[in-house]
Amino acid sequence: MEVCCTRPHCQHPKNYFPDLDDIKTLKTVQQKYCTSCGMPLILRDHYLPIKLLSRGGFGAAFLAIDRDTPTIKKCVVKQFQPSSNLTEEALKKAKILFEQEAKILEEIGNEHKQIPNLFAEYTVTVQSLQSGQQDKFFYLVQEYIDGQTLEEELVQEGKFSEIGVKQILTEILPILTFIHDRGIIHRDIKPSNIMRRHDGRLFLLDFGAVKQVTNTPANSSSSTGIYSMGFAPPEQMAGNQVFPSTDLYALAVTVITLLTGQEASKLFDAYTNQWQWRSQISINPRLADILDKMLLPAANQRFQSSQEVLEALFPAPSAQTVLPPTQPPNLQPPQPMKSVQSAFATWELLAGAAFSGFEGALIAIALFSLVKNPIITLTVAVVILNGLIFAQTKRWLEKFDLLIIPAVSFTIIFFIPFLRSNIAIEQVIMLAAIAALISITVTTLFRLIYKLMSSIL
C-alpha cells in the first residue's frame, strides 16, 4: 500500500509498505514513518493518507482511509499548510478560517445531506526537521464524496445544456438557503467546489473561506481577502462586507462558465465592466435575465436570497413579469428531470449499451431455444432487457456487474448446448457482439440528437 507523507515540502512523500496490503496487518500495525523525513504517517492512529487530492496556499487535501472502520472507509484529510511567505497577520487569519471550517462543518454537515460531514479535528506535534524545534500541524477529517466536480465534468463532457444548469441551480440554491439562514456565506462557489456523486446528487464543498454574517459588523470595511479570481463580485474583491448575494453572484458565474465552456475571465469585459456571455449561447430569455440579475455589480441590485432566485425560476402560474417575480409563500421548486449527460459519463453510457446489447442477444438465444416461439421470445426478452436498463439508471448495476452478468450467461449457454438450439458457439459470440455494436451505435446517435435538441431548445 502506498501512504502519503503530509509534511509540507517533503522530498519524497510517497511511501510503499507491502505489509499494509494485508487487511489484518493494516488494522493492527504500529505507527509507520516517512522514509524520507520521518513524519508519522498513520494520523491519530487510524487515518492513512493514500493520495494527494489538492494543494493550495493555505493547505492540502488528501484522500485517506480509516483503518478503524469495518470496510476501511475512505475519507478526506485536510491539513492546514500555510505557505512560508505569508505575513504573520495572514497566517493568523488563515488559521482562524481553518478552525472556522471545522466548527461550521460540525454544525451543518450532519444537518444537510449535500454538505460533507465532519468526522474529526485534531492537532499533531512532531519534531521539526530543524534541530531542537517542533512543528504543529492542524488536521480535519471529513466525508469523502465519490464522484466528479463540475469542473471535471466540463472538461470531459463539454458545455452543459440549459436543462443541466437548471438542475444544478435547483439543487445548489436550497443548500445556499440552508447556510444563509444560519448566517453563513460560502464565498468560494465555483465548478471545482461543486461535486456530483456517482448517483447524481450534488454536494457543496470547501467551506474554508466561509464568513459568518452575524460576526461581521454592518459598518465593517474589511474582510479576509480569500476568493477565486473571476468568480468573486466587486464587494468581495475589495475586501468589503459580503452578503448572500455574494454567493449568488459566484453561482451565476459558475453557471455561465458551464453553459459557454469559457473561463470566467474571457466572459467579462473589463472595458465596459459587464459580462458578455449571452451572444455565445442560446437559452431561454427568462433564465438569461435571471442570471444577469445575479451578476449585477452592486450587491443590493441582485436577488437578495436564494429563495428569490428559485421563485424567479419557478414562478406562480399568475406571474406576469420576469423580474421581479411574484413571491408566493413557501414556494418549493419542482424537481427537474436529471439529464443523462449530468448523471453518466460517456464511457458509462457506451459500456452500458454494449452490456445491454450483448446480454439481450444471449437472453433471446436462450429463450428461443426453450419456447421456439419468436413472439414470446421477443416479448420476454424486451421485458428483461428493460429491467436491466432500469437497473443501470438506478445504478444497481455498475462496473464489474456489466462484465460478470454476461460472462455467467455465456458460460451457461456454452455448457448447456440445447440453450442455443445447436447454434455453434462462434455464431453465438458473433450475434451477441453484433447486438452490442448496434446498441452502442443507437445510443451514440441518440446522445448526438439529444445534445443537438438541447442546444436548439
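Residues are numbered from 1 along each chain as its sequence is written, and side-chain values use heavy atoms, with hydrogens and water left out. Because the model is predicted, local features need pLDDT of at least 70 and side-chain atom pairs count only at pLDDT 80 or more, while totals for chains, interfaces and linings use all residues.

## Overall build

The chain has 14 helices and 14 strands. Helices (H or I, at least four residues) and strands (E, at least two) are DSSP runs, numbered from the N terminus. Buried residues make up 47% of the 457 residues. Buried means under 20% relative accessible area, exposed over 50%, and partly exposed in between (1.4 Å probe, protein chains only). A contact means heavy atoms within 4.5 Å. Among contacts between residues at least 6 apart in sequence, 59% join residues at least 24 apart.

## Helix α8

Helix α8 spans residues 285–294. Seven of its 10 residues are buried, so the helix is largely enclosed by the rest of the structure. The buried set is R286, L287, A288, I290, L291, K293 and M294. Their cover includes α4 (162–180), α6 (244–260) and α9 (306–313). At the start of α8, a side-chain oxygen of N284 comes to within 2.7 Å of the backbone nitrogen of R286.

## Salt bridges

Side chains of opposite charge can pair when their charged atoms come close. The structure holds 11 salt bridges. In each, a side-chain nitrogen of Lys or Arg lies within 4 Å of a carboxyl oxygen of Asp or Glu.

| Pair | Closest N–O distance |
|---|---|
| R7 and D135 | 3.7 Å |
| D206 and K78 | 3.6 Å |
| R278 and D289 | 3.0 Å |

R7 forms its salt bridge with D135. R7 lies in the loop between β1 (2–4) and β2 (14–16) and D135 in strand β7 (residues 134–143), so the pair ties together parts that are 128 residues apart in sequence. R7 is buried at 5% relative accessibility. D135 is partly exposed at 23%.

D206 pairs with K78. D206 sits in the loop between β11 (202–204) and β12 (211–212) and K78 in strand β5 (residues 74–80), so this bridge ties together parts that are 128 residues apart in sequence. D206 is partly exposed, with a relative accessible area of 27%. K78 counts as buried at 14%.

R278 pairs with D289. R278 lies in the loop between β14 (274–275) and α8, and D289 in helix α8 itself, so the pair ties together parts that are 11 residues apart in sequence. Salt bridges that share partners join R278, D289 and D292 into one network. R278 is partly exposed at 36% relative accessible area. D289 is partly exposed at 27%.

Rolling a probe the size of a water molecule over the atoms shows where empty space is left. Here a cavity is a set of points, on a 1 Å grid over the protein atoms alone, where a 1.4 Å probe fits but cannot get out; lining residues have an atom within 4 Å of a point. Grid points are joined across faces, edges and corners, and a volume is the space filled by probe spheres set on the points.

The structure holds one cavity of 30 Å³ or more. The largest cavity has a volume of about 50 Å³. Of the 10 residues that line the largest cavity, R187, D188, F231, A232 and A250 are the closest to its centre. The lining divides into five nonpolar, three polar and two charged residues. Ala, Val, Leu, Ile, Met, Phe, Trp, Tyr, Cys and Pro count as nonpolar, Asp, Glu, Lys and Arg as charged, and the others, Gly among them, as polar.

R187 is found in the loop between β9 (184–185) and β10 (194–197). R187 is buried, with a relative accessible area of 3%. Phi of R187 is near 75°, a positive value in a residue other than glycine. Most residues other than glycine have a negative phi.

R44 lies in the loop between α1 (23–28) and β3 (47–55). R44 counts as partly exposed at 47% relative accessibility.

I65 belongs to strand β4 (residues 59–66). I65 is buried at 6% relative accessible area. Not counting residues up to four places away in sequence, I65 touches M1, L26, H46, Y47, L48, I50, I72, K73, K74 and C75.

Note on methods: A polar contact is a pair of N or O atoms within 3.5 Å; within protein, one must be able to donate a hydrogen and the other to accept it, and residues adjacent in sequence count only if both atoms are side-chain atoms. On a 1 Å grid over the protein atoms alone, a cavity is a set of points where a 1.4 Å probe fits but cannot get out, and a pocket is an open set with protein on both sides within 12 Å along at least five of seven lines; lining residues have an atom within 4 Å of a point.
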